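Work through the exercises below with the structure open beside you, and try each task before you read its solution.

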Amino acid sequence: MGYKEQPSLITLVLVMLTVLPTMALAEPPAIEPSAATASAVRTAPLTIEEVLARIELTHPLLRATGLERAQARARILKALGAWEPKVRNEIEFDRYQTFNLTNVSGVPNHLSSGYDDLMLKLGHPWGWNLFLGIRNVFGDHATLLGDNTNLPVRNVQSPAVAVPQDLQLFYPQQMMIVGGKFNLLRGFIINEEYAEFQQAELSEPQAEIKVAQKRQDLYLAGAIQYWDWQVAVKQAEVQKQNLAVAEARFTQVEGQAKAGKVSPLDVVEVGQEVQRRREAAIAAQRQAEYEQYKLSLFLWENGEPVTPRPDWAPEFTGETPLPTEEEIAAAKVAAKEDRPEVRALAIELQMNNIDVKLAKNGLLPKLYIEGGPAIGSIYWVGGIGYRVGTFFSIPLFNREARGKVAHAQAEQERLTYELWNKEQQVSIDVDNWVSAIVRARDRVRAATEAYRLAKVLEEGERKRFDMGATSILFVNMRERNAVEAAYDLYRAQYDYVLSRGGYLLAKGALSKAVGASVLAKYGDPIHAAGSSGQQIEGRD
């Protein structure tokens, strides 16, 4: 009875295995033709150096941030407009009665007089303004020369009244005019226009800091994404190899079951393991594809992202020497000088210091002196007039100025504390990432040894299974442990390269552009995205 049931059971198992879904690993979706062409011809692995170089050369966000430079130059031009030399022309025309005005002719008479002033006005950041120009008079003949022949009473003659006695130029009715305004207390050297210009000048280094900050952010994000993609590809390869081993064993055990050497249940167990590993391999492949698409956003070529292929992923690099005490000390100094976060606060302090000086200048009274030719043709006809005046004013309690000073000084103190804290933070970052390098290196060593031992146990268990000394269950367990050990090793290697990248971040190296010699391997450094917004000779 039992002998007759065994063939039917074997047949049932074989039928079940035949109808089980044999899902093949999904192939990656088709990519764009341009990217496909580049992928077809490329054989070299993708390195972290190339990722950073391509970010510097082509990344649109870095190019967009570079336009901060152009905006900084525009701000300087705008501030310079406060002292822009101006050509100004003023014309005035008046009608008057000589009897009521100067009694030149002795009888009332309506006459006309006017002048045309053409002048150049100049300003200076220290708070003074000058103008220099030419005045040309026009009007009736009697007005210009004092000739009363056109009047009813002709026995009274008067001298020429519209002829300047000083600063006369090329003809009697033309003279040179000068004048200006000078701040003596408030507004002298320090004033709102000059403060705006000084802060505008600081906007250029501020723009460079913003570019450095964006570069650092992109370099760090690109490097992390590169390592995420690298570890995902390697883990997918482990799962694919593990699946291939299970499929080969299934073929072996299936043949043994047909020959009656093993139980049909062993075939079922091996088939179940194949499906488990196939599911894990599909999930790992999906993770690798997900990471490669994210990495493509850092690899631009001809205005489009380039999707990396799995065969571009290199092996993880080995150990590198740890930084010495001297190198760590130098890294801390460099961090305080090169980290964009520190440099940005230093610029803010300089800008606020200008506000402090301006606020303190506002405590002074207003006192200025101005002078120049008198305005109005009455002064021209009745005799050349000049005017000089002074102005003095100060609020009784000066609350507004004192409030501005208090606010600016408090802001200066706040920024000083923030700068001090940031300097200590970047210094601690260096120590933190050195510690991370040391611990990650130790983890890599331990994980490497654990992986080696797991592979030894895996091979030993397979030999025992081939000799019939163990079951397929223990073989599967050993192989799963080997996969987990491989995963742990790749994760430790990932943390190791990440800690090395974090050390470069901590000392400010990622805020600096990749060298021109490296950029030249992958594109034209002259038109790099990191140079966007730079002033080109002859352009501005």
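**Exercise 1.** In this predicted model, determine the handedness of the crossing of α9 and α12, and then describe how the two helices meet.

*Solution.* The crossing of α9 and α12 is right-handed. As a next step, look at the residues that touch: α9 contributes I328, A331, K332, A335 and K336, while α12 contributes E423, Q424, V426, S427, V430, D431 and V434. Sorting these residues by class gives six nonpolar, two polar and four charged ones. Finally, consider the geometry, in which the axes of α9 (residues 325–338) and α12 (residues 399–466) come within 9 Å and cross at roughly 145°.

**Exercise 2.** Classify the aromatic pair that Y194 and F197 form, and find where its two residues lie.

*Solution.* The structure holds nine aromatic pairs. For Y194 and F197, the ring centres are 6.4 Å apart and the planes are at 15°; planes under 30 degrees apart count as stacked, so this pair is stacked. Both residues belong to helix α7 (residues 192–258), where they are three residues apart, about one turn of the helix. Y194 has a relative accessible area of 18% and is buried, and F197, at 13%, is buried as well.

**Exercise 3.** Classify the pair of F316 and Y490, and locate both residues.

*Solution.* The ring centres of F316 and Y490 lie 6.1 Å apart with their planes at 40°, so the pair is tilted. Because F316 is in the loop between β6 (304–305) and α9, whereas Y490 is in helix α13 (residues 472–506), the pair ties together parts that are 174 residues apart in sequence. Both F316 and Y490 are buried.

Key. Residues are numbered from 1 along each chain as its sequence is written. This is a predicted model: local features need pLDDT of at least 70, side-chain atom pairs count only at pLDDT 80 or more; totals for chains, interfaces and linings use all residues. Side-chain values use heavy atoms; hydrogens and water are left out. Axes are lines fitted to C-alpha atoms, for helices over the stretch in contact, and angles run from 0 to 180 degrees between N-to-C directions. Helices (H or I, at least four residues) and strands (E, at least two) are DSSP runs, numbered from the N terminus. A crossing is left-handed if the near helix is turned anticlockwise from the far one by less than a right angle, and right-handed if clockwise. Contact means heavy atoms within 4.5 Å. Ala, Val, Leu, Ile, Met, Phe, Trp, Tyr, Cys and Pro count as nonpolar, Asp, Glu, Lys and Arg as charged, and the others, Gly among them, as polar. Rings of Phe, Tyr and Trp (its six-membered ring) pair if their centres lie within 6.5 Å; planes under 30 degrees apart count as stacked, over 60 as edge-to-face and the rest as tilted. Buried means under 20% relative accessible area, exposed over 50%, partly exposed in between (1.4 Å probe, protein chains only).
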